[in-house]
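Have a look at it first, and then we'll go from one place to the next.

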Amino acid sequence: MGECSVRKVDVSEVMQAIKKLAMNTTANVPKGAIAALEGAYSREESPVGKEVIKQILENHRIAREDNVPACQDTGVAMVFLEIGQNVVFTGGDLYEAINEGVRQGYVEGYLRKSIVTDPLFERVNTRDNTPAVIYTDIVPGSSVKIMFAAKGGGAENMSGLAMLAPAAGVEGVKRFVIEQVKKAGPNPCPPIVVGVGIGGTFDRVALLAKRAVLRDVGTVNPHPEYARLEKELLEEINKLGIGPQGFGGRTTALAVNIEWAPCHIASLPVACNLNCHAGSHDSIVL
Amino acid sequence: MAVIRISTPMTDEVAESLKAGDNVLISGTLYTARDAAHKRLVELIREGKDLPMDIKGQIIYYVGPAPAKPGQAIGSAGPTTSYRMDPYAPILIEHGLKGMIGKGSRSQSVIDAMVKYKAVYFAAIGGAGALLAKSIKASEIVAYEDLGPEAIRKLTVEDFPAVVVNDTFGNDLYEQGVREYRIE
């Protein structure tokens, strides 16, 4: 590879991009989720459920128009970087720049700061929502894609993971996911988005579920069998009767998204990560 | 849909008049408290000390609001999940707390305390923080400023919308709703 193919990216550009994403993402519930909520509103049979969806749509409109967070829980700042392998970062520490973007975005954007220093003993609020949770992938090319998600705690707490035996198969995976949603009941603010990871290892399956839950509502897994499983799971989840906010109804989930990966001959890992109807994410390409 | 207007402080009579599934509009004062504030309140009660606010007849709203933008009384302010306050709620109910606003199911010990001491659990719409903030007219920190979004705030509300989930008779809207709409 010649020297001319190297692209220098100053980390201050990353910082500014993260700041902008943090300041704008939580006020703008993605279009796919809004469209799914509108569809659910016309289909919902429960009068209470219908009223809830109406108010949720009204909330998301206010958030967008007034540029305020749709939900007060502006989450853990999650940052996914796809870094072109020709990129060299200059001007400082990349992770420090990311956290500086989160710090400035959450403070100047009037977003809630929800991170505590350590999980068990002090639990002191860091007051600027840092540190972010950061994932990086190295990809071909010379660009940097930054995906930002503000992941709320309520739905995150209702997530789960199981190391199934391969014999459990499709039915085992379905049972696990449906049981997880049933157990969560009204807690994760239904209508929810259900992210399912299948395969990989103990650690990887959780990240697959996270990536699945952050995939746009309305997108479908490109693999036809997984796409069919997404559809079947959504239908079965919406038979549970939990409904909008758990008050009873037909709309428990807006979407089931699956991401999968190869796995060991002995394993069938499955993970389920939930998000609420207000879950938001956005991306910038540098 | 019929709506019942109630105000704080709430009497036993008002608490007993509410049924699971009722839509209410609450006016008056709400106190905010989440996990960390509840832990401190219960420690004070166990030590026999005074609480930073009088909870008799009052309603606690489980919320950690977003900061107010200039010109706003409060930032987005929807409910947080209530089960995390379950270990602390019964002792507060025993000491006079009449209502709680949050989202999600409560434990049997909280439901039992609500029946015994005539208290009500309401749900507000989770994830509708921008809409709910519109009915909050004023907000001031009463205690535990060091907790940031988890500080105890006194909110002045007008027609704050909520739904009765658990009434003083042991009914549960979540169970009723699922029973009605579940397809076997």
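In which hand does α1(A) pass α4(A)? The crossing is right-handed, a label used when the near helix is turned clockwise from the far one by less than a right angle, while anticlockwise makes it left-handed. Bear in mind that this is a predicted model, where local features need pLDDT of at least 70 and side-chain atom pairs count only at pLDDT 80 or more, while totals for chains, interfaces and linings use all residues. Residues are numbered from 1 along each chain as its sequence is written, with chains lettered from A and ligands numbered from 1 in the order in which they are written.

Helices here are DSSP runs of H or I with at least four residues, strands are E runs of at least two, and both are numbered from the N terminus. In chain A, α1 covers residues 11–25 and α4 covers residues 94–108; their axes come within 7 Å and cross at roughly 30°. Those axes are lines fitted to C-alpha atoms over the stretch in contact, with angles from 0 to 180 degrees between N-to-C directions.

Now for chain B. Leu173(B), Tyr174(B), Gly177(B), Val178(B) and Tyr181(B) of α6(B) are buried, meaning that 20 or more other C-beta atoms, placed from the backbone, lie within 10 Å of their own. They line one face of the helix, because they fall within an arc of 125° seen down its axis, judged by the directions from the axis to the C-beta atoms. These buried residues pack against β7 (152–166) of chain B.

Finally, the two chains meet through 39 residues from chain B and 44 residues from chain A, contact being C-beta atoms, placed from the backbone, within 7 Å. On chain B's side, α6(B) gives the most, with seven residues.

Definitions and conventions
Buried ≥ 20, exposed ≤ 12 C-beta atoms within 10 Å, placed from the backbone.
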